[in-house]
Amino acid sequence: MFAAHLKVRLKTDSARANALCISYRTDRFSEMIPALLLILSAAAYRITSGLLIHSGANWLSNLTPLAAIALCSAAYFPLKYKFSVPLVTLFISDAVINFHYGVPLLDSQILVRYVALAGVGCIGFVLQNRASLKTLAPASLAASTFFYVLTNAFSWLSDPGYTKNLAGLVQALTTGLAAYSATPSWMFFRNSLASDLLFTILFVVCINLGRSAESSRVRAAVPRTA
């Protein structure tokens with residue numbers, strides 16, 4: 001009889017453990033929902049602004065938090081979402097914008113953006129165990145700078161319009177080519193700094209809201225010992 005009771009008890013404990021594991025996975029995803037909605041909003045804004053720039057809204061140029069999406073996703077999301085979410089977001093928004101303008105979806109400049117985002121994601125990955133606004137706010141500024149310098153340095157190297165010397169590199173990082181003088185490079189950098197910092201603050205707020213909303217459900221899912 002004792003053996004039968006023990007067998008029933010073990011089955012019950014196993015069922016509770018499985019339920020707790022499923023509940024934990026569900027709660028982890030639920031915590032992500034506000035942040036995912038924020039990322040979707042940023043992607044929608046990038047597509048909208050990318051289409052409006054052709055209409056003369058040059059002040060919108062690069063006012064999209066690509067670096068912050070990569071940084072915060074890698075810092076907070078589970079492993080399988082850390083890099084996939086920002087890269088898929090960039091790919092979808094690039095696909096829509098490039099299709100509208102008849103530009104190839106994949107070229108060397110776009111591939112460098114993916115490499116830059118992966119590098120920014122590594123910064124977020126390093127900070128995942130101490131992710132907070134205190135650590136991510138300065139990290140977002142560093143990520144914006146890294147993304148900007150890498151992509152513009154590649155433009156300097158690959159675009160024949162730039163002289164391949166220090167003056168050409170400075171031009172790539174400040175004014176850009178005369179053909180794009182309406183939107184100088186420094187404006188791209190200014191807008192990316194502002195949008196990345198704002199997005200990082202909002203992302204941390206969304207994560208905290210998601211965790212707060214799910215905390216009671218997590219506590220309820222934990223089995224009580226007799």
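Guide: Start with one residue. Leu111 sits in helix α5, residues 108–126. Keep in mind that this is a predicted model.

Visitor: Why does Leu111 count as partly exposed?

Guide: Use the cut-offs: buried is under 20% relative accessible area, and exposed is over 50%. Leu111 has 44% relative accessibility, so it counts as partly exposed.

Visitor: Now helix α2. How many of its residues are buried?

Guide: Eleven of eleven, across residues 66–76. Among them are Leu66, Ile69, Cys72, Ser73 and Tyr76.

Visitor: And empty space inside? How is that found?

Guide: Rolling a probe the size of a water molecule over the atoms shows where empty space is left. Here the count comes to two cavities of 30 Å³ or more. The second largest cavity holds about 40 Å³ of space.

Visitor: Which residues line the second largest cavity?

Guide: The lining consists of Ala42, Ala43, Arg46, Thr64, Pro65, Leu66, Ile69, Thr89 and Ser93. Helices α1 (2–52), α2 and α4 each give two or more residues to this lining. The largest share, three residues, comes from α1.

Visitor: What is the lining of the second largest cavity by class?

Guide: Five residues are nonpolar, three polar and one charged.

Key: Residues are numbered from 1 along each chain as its sequence is written. This is a predicted model: local features need pLDDT of at least 70, side-chain atom pairs count only at pLDDT 80 or more; totals for chains, interfaces and linings use all residues. Side-chain values use heavy atoms; hydrogens and water are left out. Helices (H or I, at least four residues) and strands (E, at least two) are DSSP runs, numbered from the N terminus. Buried means under 20% relative accessible area, exposed over 50%, partly exposed in between (1.4 Å probe, protein chains only). On a 1 Å grid over the protein atoms alone, a cavity is a set of points where a 1.4 Å probe fits but cannot get out, and a pocket is an open set with protein on both sides within 12 Å along at least five of seven lines; lining residues have an atom within 4 Å of a point. Grid points are joined across faces, edges and corners, and a volume is the space filled by probe spheres set on the points. Ala, Val, Leu, Ile, Met, Phe, Trp, Tyr, Cys and Pro count as nonpolar, Asp, Glu, Lys and Arg as charged, and the others, Gly among them, as polar.
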